[in-house]
Number of protein chains: 2
Amino acid sequence: MVENAPAADSPNPKVQTMADLLAASKPGDWRALDPENTLYVELASGRAVIELAPAFAPGHVANIKALAREHYYDGLAIVRVQDNYVVQWADPEADKPALARKIQNAKRTLPGEFDHSIDPSLSFNRLPDGDVYAPEVGFSNGFPAARDPKSNKMWLVHCYGMVGAGRDVAADSGGGTELYVVIGQAPRHLDRNVTLFGRVVQGIELLSALPRGTGALGFYQKPEQRAPIKSIRVAADVPVAERTALEVLRTDTTLFQDLIESRRNRHEEWFRFQAGHIELCSVPVPVRAAAAQPSR
Amino acid sequence: MVENAPAADSPNPKVQTMADLLAASKPGDWRALDPENTLYVELASGRAVIELAPAFAPGHVANIKALAREHYYDGLAIVRVQDNYVVQWADPEADKPALARKIQNAKRTLPGEFDHSIDPSLSFNRLPDGDVYAPEVGFSNGFPAARDPKSNKMWLVHCYGMVGAGRDVAADSGGGTELYVVIGQAPRHLDRNVTLFGRVVQGIELLSALPRGTGALGFYQKPEQRAPIKSIRVAADVPVAERTALEVLRTDTTLFQDLIESRRNRHEEWFRFQAGHIELCSVPVPVRAAAAQPSR
């Protein structure tokens with residue numbers, strides 16, 4: 001049955017597992033999160049950390065930071081958890097003009113940033129195995145992305161942990177007041193239909209393990225089922241001592257190429273058959289606690 | 001930005017959404033679960049229903065039913081919940097010979113049933129958009145499957161909700177005493193490495209929303225964190241009145257072909273861009289409560 005697979009225990013010094021590669025990584029293989037492009041979502045259960053992607057959604061990133069800075073999100077709640085799909089938070093009273101939370105300086109809606117022209121200054125580490133949905137897929141500064149050279153477009157991809165701005169039927173009806181996180185099989189049919197603007201880099205399990213809502217689309221049916229959002233803060237606005245110092249593996253390096261290879265063909269002893277391929281949303285982008293920062 | 005996408009609201013009587021198709025389905029588009037090939041996993045939170053796939057893993061299905069019938073699983077526990085990966089249950093004392101649960105008539109281990117020769121008598125509804133991992137993918141009697149005509153092999157695929165038999169390093173070290181369910185992005189690197197034998201058709205949220213384990217690989221670190229398995233029963237052994245009567249949409253029909261098309265190009269009003277493609281693990285296989293059974 002596995003006669004064509006390489007023996008799992010064949011000694012091959014050239015073949016390294018992901019664990020080997022990370023153990024041998026150099027400090028320069030990692031990059032620290034930029035506090036100006038990092039959000040902390042504070043829940044009763046802890047903190048989820050989102051890295052923002054201003055290169056792909058500059059308007060939404062700016063607006064979501066503005067909303068966070070005017071404390072728009074503080075006291076809102078997770079209102080929807082749909083199994084194998086998304087967790088979503090919003091103002092539960094958004095549809096009631098008298099009760100809906102007011103916005104001070106940010107915008108309520110923005111034009112969609114569903115895709116944009118290919119920016120040659122952005123790194124793009126293309127994967128070798130193709131994709132069912134897009135002509136090219138790979139990583140751009142740590143984010144899963146796709147490109148269509150023919151139309152000269154580039155967009156972020158709905159992999160597990162990606163964060164987007166919900167919208168209604170009109171393309172320009174989103175803006176950041178309702179946010180969602182992917183917690184299931186990559187819903188690629190949403191690509192280019194909605195604005196993705198970041199990725200959960202720590203704490204996804206605080207969202208993905210929430211009880212599923214039993215209403216239509218996974219909405220909670222009773223207010224008391226909702227999970228309150230204590231606050232959402234831009235990391236730069238949080239005292240240094242209270243920040244979560246994280247580093248993300250760089251995706252524009254030889255090490256990351258080797259990591260992809262280590263996942264296309266798994267040489268851990270357990271494997272009997274090697275896939276020889278990998279899909280974009282199955283490539284891990286490792287995150288680790290940053291080394292202690294020099295005191296200021 | 002969406003100038004090349006069809007207008008979402010263009011009237012086209014030929015185009016139907018999945019909801020339209022299911023509303024118009026005929027009784028013959030559905031099939032009832034076979035009680036001899038259905039497992040009920042009883043948890044404190046409710047019942048998860050697994051459809052077994054004897055066509056793909058006859059040895060494991062027979063052995064797992066034998067284990068269920070000798071009450072092997074009753075009182076075991078979910079010991080591992082790894083985010084974006086798997087939920088697993090087992091005998092927590094399996095590694096301690098003096099404490100490990102005894103097996104009466106079933107087998108502890110079996111040869112792996114990782115793939116098998118293509119069986120021309122099995123239906124295979126091939127998807128049109130290809131796959132990153134396998135030469136052909138599609139559905140066989142409701143199960144996501146792949147084929148390689150060159151080597152004449154066929155195997156089940158690790159989509160969300162699929163159930164497999166964990167094993168140790170040796171290929172023949174599994175057998176059904178440790179079972180896992182996929183609760184995240186399809187871990188396709190496991191395909192052909194481990195025996196898949198069924199799919200959760202109802203109650204997946206009882207597993208996928210469990211707290212994640214904080215030990216290595218998502219194992220719970222404290223016994224009290226484990227979720228007890230009250231029992232696992234073959235549906236045929238449960239009184240008819242206590243069964244969960246379900247029907248699964250047939251995958252060898254014109255309706256299912258139309259459903260796939262309705263998901264490749266989404267005509268619901270919300271969509272601005274149509275993917276034009278679909279991946280195997282993103283195709284839903286609808287399940288519904290069966291019409292009332294005639295009394296016996």
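These are my notebook entries on a predicted model, taken up one topic at a time.

**Ground rules.** I number residues from 1 along each chain as its sequence is written, and I letter chains from A and number ligands from 1 in the order in which they are written. Local features need pLDDT of at least 70, side-chain atom pairs count only at pLDDT 80 or more, and totals for chains, interfaces and linings use all residues, while side-chain values use heavy atoms, with hydrogens and water left out.

**Chain A overall.** I looked up the elements first. Chain A has 4 helices and 16 strands. These are DSSP runs, numbered from the N terminus: helices are H or I with at least four residues, strands are E with at least two.

Next I checked the dimensions. The C-alpha trace of chain A spans about 70 × 45 × 40 Å along its principal axes.

I then looked at burial. Of the 296 residues of chain A, 56% count as buried. Buried means under 20% relative accessible area, with a 1.4 Å probe and protein chains only. The accessible surface of chain A comes to about 12700 Å², and 51% of it belongs to carbon and sulfur atoms. Areas come from the Shrake-Rupley method with a 1.4 Å probe.

Contacts came next, meaning heavy atoms within 4.5 Å. In chain A, 72% of the contacts with a separation of 6 or more join residues 24 or more positions apart.

I also looked up charges. Chain A has 33 positive and 36 negative side chains, and the centres of the two sets lie 3 Å apart. Lys and Arg count as positive, Asp and Glu as negative; His and the chain ends are not counted. Each charge is placed at NZ of Lys, CZ of Arg, CG of Asp or CD of Glu.

**Helix H2 of chain A.** H2(A) covers residues 58–69 and reaches 16 Å from first C-alpha to last, close to the expected 16 Å. The expected span is 1.5 Å times one less than the number of residues. Its buried residues include Val61(A), Ile64(A), Lys65(A) and Ala68(A). I recalled that an α-helix has 3.6 residues a turn, so residues three or four places apart point the same way. The cover over the buried residues of H2(A) includes strands E2, E3 and E11 of chain A.

**Positive phi in chain A.** Most residues other than glycine have a negative phi. I found exceptions. Asn84(A) has phi near 60°, and sits in the loop between strands E4 and E5. Leu217(A) also has phi near 60°; its loop lies between helix H3 and E14.

**Helix H4 of chain A.** H4(A) runs over residues 254–264, and Leu255(A), Phe256(A) and Leu259(A) are among its buried residues. Cover for the buried residues of H4(A) includes helix H1 and strand E15.

**Trp155 of chain B.** Is Trp155(B) buried or exposed? Trp155(B) is buried, with a relative accessible area of 4%. Trp155(B) lies in strand E10 of chain B. Leaving out residues up to four places away in sequence, Trp155(B) touches Phe56(B), Phe114(B) and Arg192(B), among others.

How values were computed. Buried means under 20% relative accessible area, exposed over 50%, partly exposed in between (1.4 Å probe, protein chains only).
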